[in-house]
Structures are given as C-alpha cells and as structure tokens.
Amino acid sequence: MREIILHSLGMRKVQTASLILSIALSVMTLFALALTYGGVQQGVAMNEQRSGAELMAVPRGAADEISDTSLLFTGTPASIYVPSSESARIASLPGVARTTDRFYSQSLGGGCCSVGGDMRIVGVDFGTDWTIQPFAHVDLSGGLGSGNVILGSTVGGDVGGTITLLGRTYTIVDKLEASGSDLDSSILLDIGEARAASEASTGLSYLWSKYGAASDLVSSVLIDIDDSLDKTALDQLENRIEGGGTLTVIERASAVAQAQSSLSTVFSILLAVCVIMFASTLLQLFARFYSCVWERKSELALYRAVGATGRQLRQLIGGELAIITGLGLVAGFAAGAAFYTVLLQQLQESQAFMFIGLSPAMVALIVILLAAIFGLLGIAAIAMPFSQLSKLDPSLAMQQSDID
Amino acid sequence: MDTHTIEARGLGRSFGDQVVIENTSFTAQSGMAVALTSPSGSGKSTLLSMLGLLLTPTSGEVLVDGVSTKGVGDAQLAAMRSRTFGFIFQHTQLIGSLRAWENVAVPARFVKHPAFDPKERSQELLERFGLGERLYHYPHQLSVGQKRRIAAARALLLDPPILIADEPTNDLDAESAGSVTEMLFQHARQGGILLYASHDQALVGRADLVLRLTGRTFTA
C-alpha cells in the first residue's frame, strides 16, 4: 500500500509539490500570526492585570521626539529631564491619588561613550512606586539600597551575581518577570543611586551641564488619579499638569487603545490573507483529489478487481492526503517560526507594543490546533472523492484500456 | 491444488431496460477449461465479470466452491476476488508508470501478509514467461505480446484456483498467442479452472466446455 501511495505521489510531482507548498504557506502565515497575536494579547493582559500608572508626565521635548506608546510601554530612555520640583507640584494637585518618579540614564559601553546603548538604566523611587513590585520576587517597599540592582527579564546576569554600571559594581538582587515592555531590557536602580552614578560619569557630564545637577532631575512622573474623577475633571487635571509648559501628559488608556487599534488593523489584514489562502488550499485539495479519483478510475477499478476493498482504496487516497498534509504542516510550522521572528521584528520597528512570547505549552497547543484544522480541511476536501470511490464499479477493469 | 468449483445458476444481467444476459447456468470444476463464444458486444465480458464477482447479477447467482456469493459484503467479495480469481483483461490494464515486475506485483499490495516476497515471485513468473530480461521495462517499451504475458503473470501472482481471461489472444502474433494459450491451459491441467472468452475457434475448440450464446442465454 505504501509503495502505491508513494508511487502515485511521485507520478504527480508538480501537483504534489504545489499542494504541499500551498498548505505550507497557509500554515506558515496562520502559525506566525497566532504566535504574534497571542504574544500581544498576553502582553496587554499582563499589563492590565498588573496595572501600571494611569497617567505619565514626561518632559515636553521627550514627547516630541518619541511616541507616546514608546514612552509608556518601552520606557525609552529619553535623555531629557525636568526639575524634580515638577513632581512635587503634580503630587499636590487635586485629583492626584499618588505619584512616583523615574530617572532615566544609560550604561556606557566599555569602549565608547555614546549614549543610547542597549543597557538602559531606570532609577526608580521604590518608596513610592507601585508599578514594579508586581513583576518582582523580593519586597521592594524598603528600597533597593545603593549597592543593589534589579534586572529586567531579558538582561544577562543572575541573581546573586554582580554587574558593573558607569564604573560602579552592583549586586543583582532580583530579576523581574517578563512584562512585554522594554522594562524587560532595563536595569533598575534606586533613583538616588541612578542619579549619583550618572552624575559621576564623565561620559554623561554634558547632560548635567545642560539640565543641571542630576540629583534634582526627573525623567517622568507616573500618576494614579482619584477614582471619582470624571472625563472633564481629568481633562482639567491634565491641563494643570501641563500648565507649566515643561511637561506633557500621556493617558495610559488612550495609548493602549491606539497601539491596539494599529495592531488590530495589521492583524485584520493578515487574517484576511490567511482566510483567502485557507480557502484556496481547500479548493486546491478538493480539485486534486476529485480529479485524481476521476482520472484514475481505470487504475482504481483494476485494484478493486485484483482484490482491493473499498476501504483500501480510501486508505490509498487518504494516505496521499495524509502525506501531502503532513509535509505541508511540517514545512509550514518551520517556515512559520521563521516568519514569526521577521513579523515580530517588523511590527516592533513600526509600532511599540507590549509583547510576551507564548509559553511552549501554548505554542504546542497552537501547533495541535492548526494540525487538526488542516486535517479537517483535508477530510472535507476528500469527502466527495470518497463517495465516488464507494460507487466505483470494479467491472470497469474489463472495459478500459491501459492505464497511463 | 485443492478441488474447486464455480457454478452459474440462472445468471442474468440488465443495464436499465436492456437485458444483456439471462438465465445462464453451468458448472465448472478443477481441471476444466470453459470457453465463451459469441459475437462482439453480446455479453461475454459481462458474463465473465459476473463470474469473477466484479459485477453483481440482476438475477441468479454465482456459487464458488458451493457457496453462494449473493448478498456478500464488499470486504468479503474483495477477499474472494483476491483469493480465488486471477484476471487477464481484454485490454491488458497495465499501469504505465510501473515497471514490468511492479505491474505483476500489484495484487500483492492489497494482501495483508503475502506468503511470498512480491518482487521475487514477480520475477520468477516473468522469467517463466520469457520476460526475465524485461523486469524493469515500462509497458510502453514492450510489445503487445509481452504486455499480455505480463498481464498473465499478474493474474497468476496469488496462485488463484480460477483464471478468467477475456479475449486472451486478441491482437497477438502466432508465437505470442501460442505462448499465452499454453500458459492458460497449463493452469487448467494443473488443477485450476480456466474461464475464457474468445472468437478464435481454434482456441475455443480446446475447451472442455463451450458456452455459446443463444438469444440472451449462454448454453453448452
């Protein structure tokens, strides 16, 4: 049986290869899309569950240079600062429930002094912060201490080890859970330590000559508002925060909505492409197996005449389908994994969003689901050819000529 | 070879309103050669199809070794065809994309555990038919006579007790026809049953039983 199946596939090499390719392309797109979409949804859910600040006040210059979503989700270290008195002013405004300050800086590469390397330093006021604790494994209410550091989930280094930043050595006391934001690639210090280390760095001294002493600067202020605030009161509060002209306010909800909306458009387009490819694959499979049974009537009748049961003929056609679908799935998943990497990279370059890669179990589930969907697709495609097979008259073998 | 019988009992077949064969009865036993003769298109292939369990009769029944095949299910019919019958079709029905030995081995592909190696058995049969040099040839590389011998080898692969041959010497030159005929009658001499349809009166004359068409009924 196996030889006949392989022989039949080999006889129709181009048709077989085209079908395998068609299935592989559909699987590739669906798989990559599912992984990316799942990761984004997981990122959004994680950030909603571990609710961050409702508002974020950043220096106006930073908002001009970097998108709201980048500032909010990725913590992009905009090297633009405002005096810390702005933070105190915001905290005193009616309608503000709580605030906490951030101070952004950078580690400087050993061989060069350029600002903006991969290693971003975030100075956090752990005494007032409520956004980091949900991702941490240690109690942060008492602060970190000047010799300690916390790493984002993707930063190299182990708890208990040391890391050198701006010429100072720190002990790693915790590694945060993945947040899906650029917090994952950040290094967290106590805000006082971050300011002191940055100020002492000659590589960053040009910043302090421009903005003043680092000990008196903040990069952003995270704000939670009173639950009772309505839309009008919120607008008024935002106006007051921005009143001094040095700050601009980013609303978390609207930034999330903006990011989700942009991504939804991309996903909708990709999904539409998937549906078209899926339908096309179904039609191709149907056409292949329908015409295959029709064209091979003589051959199949011969098999019946020499003792093949109807079930064996169905196994023959089903075997061909299984091999085509199986190869298409394997190729599709392999290509899908590669496409996912490219797609994610492209999306991240064009749009900042929260992303947490799916767990191996979820990926396995998606693989199983897609395999099941394409299995059902194949069964749907051969349902009619199967019914043709059951009506096949073995006495045709007495009438037909040679079989090509 | 064990003793076998095949019996047609009141066999008839219609296609729509058209009655092709009616009320045909005969019995053949091991060692017999039975010839069917009638003008072209008058029902020889239809009768052979019914006898070989390829076509369901509209009336009457076929008994193999005394057992009626009426109402038997698909799987059992397929098993009986595989176990009991070897077919040499009027058109050789070789698969163009398979080599000679692969064509011979086709019936073994549908047997769960063949008692022999299909390739070895195919080679042995082809060598017996003088085609030992043509094992790896495709049908389009062979003459009509060679193809007919390959078809005969395929019919004998599973060593069936009953051989059904439809116009086995059609289009063959004298030498090839002689070779194929010899193979068919050797099967009967060795205890098998040979059922064949032919226009060739010399070939018909060698049968132990000749069934001729009278009206729509084949009679001895």
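**Figure 1. Surroundings of the buried residues of helix α2 (74-84) of chain B.** In this predicted model, the buried residues of α2(B) pack against α10 (297-305) of chain A and, within chain B, against β4 (59-64), β6 (85-88) and β7 (162-166). B:A78, B:R81, B:S82 and B:T84 are buried in this helix; a buried residue has 20 or more other C-beta atoms within 10 Å of its own, C-beta atoms being placed from the backbone. Helices (H or I, at least four residues) and strands (E, at least two) are DSSP runs numbered from the N terminus. Residues are numbered from 1 along each chain as its sequence is written, and chains are lettered from A and ligands numbered from 1 in the order in which they are written. Local features need pLDDT of at least 70 and side-chain atom pairs count only at pLDDT 80 or more, whereas totals for chains, interfaces and linings use all residues.

**Figure 2. The side of chain B that touches chain A.** Here 28 residues of chain B are in contact with 25 residues of chain A, a contact being two residues whose C-beta atoms, placed from the backbone, lie within 7 Å. Helices α1 (44-51) and α2 (74-84) of chain B each supply at least two residues of this side, and α2(B) gives the most, with 5 residues. By class, the residues of this side are 15 nonpolar, 9 polar and 4 charged. Ala, Val, Leu, Ile, Met, Phe, Trp, Tyr, Cys and Pro count as nonpolar, Asp, Glu, Lys and Arg as charged, and the others, Gly among them, as polar.

**Figure 3. Packing of helices α5 (residues 144-156) and α6 (residues 174-189) of chain B.** The axes, which are lines fitted to C-alpha atoms over the stretch in contact, lie 9 Å apart at an angle of about 10°, on a scale from 0 to 180 degrees between N-to-C directions. The two helices are therefore roughly parallel, a term for angles under 35 degrees. B:G145, B:R148, B:R149 and B:A152 of α5(B) meet B:S176, B:S179, B:V180 and B:M183 of α6(B). This contact has 3 nonpolar, 3 polar and 2 charged residues.

**Figure 4. The largest nonpolar core.** A nonpolar core is a set of buried Ala, Val, Leu, Ile, Met, Phe, Trp, Tyr and Cys residues joined through C-beta atoms within 7 Å. Of the 96 residues in this core, those touching the most other members are B:L51, B:V104, B:A152, B:A153, B:I164, B:L194 and B:L195. Helix α2 (residues 13-49) of chain A gives the most to this core, with 13 residues. Not counting residues up to four places away in sequence, B:L195 touches B:A28, B:V34, B:L48, B:L51, B:I162 and B:I164.

Methods. Parallel < 35°, antiparallel > 145°, perpendicular 65-115°, else oblique. Buried ≥ 20, exposed ≤ 12 C-beta atoms within 10 Å, placed from the backbone.
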